[in-house]
Amino acid sequence: MTANADALTVEPSLPATRQWLSWLLVVALIYLLLAGVGAIGDGFKAATGNNARELFAFATNPLVGLMIGLVATALIQSSSTVTSIIVGMVAGGLPIPIAIPLIMGANIGTSLTSTIVSLGHIRSGEEFRRAFSAATVHDAFNITAVAILLPLELLFQPLQRLSESLAGLLVSDASVDMKSVNFMKTLLSPASDLLAGSVSWLPGAVWSGVALILIGVAMILFVVTAIGKVLRKVMVGRAKDIMHASVGRGPLSGIASGSVITVLVQSSSTTTALIVPLAGSGVFSLKQVYPFTLGTNIGTCVTALLAATAITGPTAELAMQIALVHLLFNLLGILIIYALPFLRGVPPMIAEGLATLAQRSKLYVAAYIAGVFFALPLLLIGASQI
């Protein structure tokens with residue numbers, strides 16, 4: 001789910017005669033995404049050897065991992081980028097128990113985008129209140145989901161256990177299914193060889209590994225931004241049609257449309273840019289927007305699942321496992337919070353309270369954004385190190 005400033009403006013659809021070129025570009029960008037994820041995995045293996053666990057010892061505190069994921073996503077404004085990087089890190093040796101809080105933090109960090117979109121209505125009192133509540137219901141839901149599921153994960157490991165079982169079914173062992181493993185390895189080997197060769201002049205495996213990691217991160221940043229722009233040009237008209245036809249038809253339809261639109265345009269900020277202004281103008285109510293934003297949480301998981309297919313060999317199952325953790329976390333969050341009547345109303349209640357404060361004074365808006373997404377996480381990280 002790309003979340004960058006460029007996505008806050010919805011671009012017109014391309015003429016039909018040029019759309020096939022755009023789809024060819026999408027295919028090329030997906031290949032670069034897979035190559036970038038593979039480069040991160042290879043880089044971590046080269047740089048850390050078998051010492052990845054020691055390298056990430058600072059994040060063994062799950063709260064620190066959560067905050068790192070939150071701040072990284074809020075700064076980069078792209079949960080797709082952060083989760084793809086985490087997939088590559090797991091392939092390179094990052095332990096799953098450390099990666100899970102990072103994924104949860106990324107889920108909170110990505111909700112900053114919808115809050116930023118709502119600021120476009122800041123000059124109109126009641127309109128801003130409606131837009132801000134529609135935006136922050138996403139924040140409130142993701143924070144509530146983490147507050148419930150992180151303690152459960154620390155105690156009973158439901159996400160780790162379930163994702164491990166599913167990954168075992170989806171990723172066959174190399175000794176059983178060499179054909180499927182070799183296909184992806186063969187497909188990506190030209191890019192892997194080229195990238196490895198480009199850093200081979202550096203002294204030692206550590207520096208070559210670090211360079212591969214940086215190249216991989218840069219490739220993912222570029223691809224996620226570019227693919228969002230291309231897909232917006234191709235799909236945004238259809239996305240609007242889906243949204244207008246389905247958001248007002250009930251919660252299940254709203255969740256489904258949020259998921260589909262996010263998959264189609266691969267951009268959470270495009271999805272929120274479509275819905276938040278309509279909520280601000282009164283076309284959709286908070287009750288209708290709420291399930292739609294939950295659907296965007298599901299749709300954003302596609303990129304990490306796609307990225308996991310880039311990993312082959314003994315760590316392929318681990319890479320798929322952490323991508324599935326992202327999906328399962330969002331699905332379980334919806335099942336627990338939205339399906340239970342006494343929890344369903346919590347995120348809207350928080351969002352409406354925040355919107356009332358925001359309408360009263362814009363200082364509350366600045367304090368909320370700076371405090372929740374940057375100051376508090378950084379303070380917690382610093383305190384934990386002390």
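Predicted model: local features only at pLDDT ≥ 70, side-chain atom pairs only at ≥ 80, totals over all residues.
Residue numbers start from 1 along each chain as its sequence is written, and side-chain values use heavy atoms, with hydrogens and water left out. As for confidence, local features need pLDDT of at least 70 and side-chain atom pairs count only at pLDDT 80 or more, while totals for chains, interfaces and linings use all residues.

View A. L162, L166, L169 and L170 make a nonpolar surface patch of about 390 Å². Areas come from the Shrake-Rupley method with a 1.4 Å probe, and for residues only the protein chains shown count as cover. L162 sits in helix 8, residues 158-170; helices are DSSP runs (H or I, at least four residues) numbered from the N terminus. L162 counts as partly exposed because its relative accessibility is 39%; the cut-offs are buried under 20%, exposed over 50%, partly exposed in between.

**View B. L119 in its loop.** Look between helix 6 (112-118) and helix 7 (125-156) for L119, which is partly exposed at 28%. Skipping residues up to four places away in sequence, L119 touches F128, V365 and I369 (contact means heavy atoms within 4.5 Å). L119 and V365 are 246 residues apart along the chain, yet their C-alpha atoms are separated by 9.0 Å.

**View C. S208 in helix 10.** Helix 10 spans residues 204-246 and holds S208. With a relative accessible area of 14%, S208 is buried. Neighbours within four places aside, S208 is in contact with V199 and L202.

Terms used. Patch = residues over 30% accessible without salt bridge, like charges linked within 9 Å, V, L, I, M, F, W, Y side chains within 5 Å. Salt bridge = Lys/Arg side-chain N within 4 Å of Asp/Glu carboxyl O. Helix = DSSP H or I, 4+ residues; strand = E, 2+ residues; numbered from the N terminus. Buried < 20%, exposed > 50% of the residue type's maximum accessible area, 1.4 Å probe, protein only.
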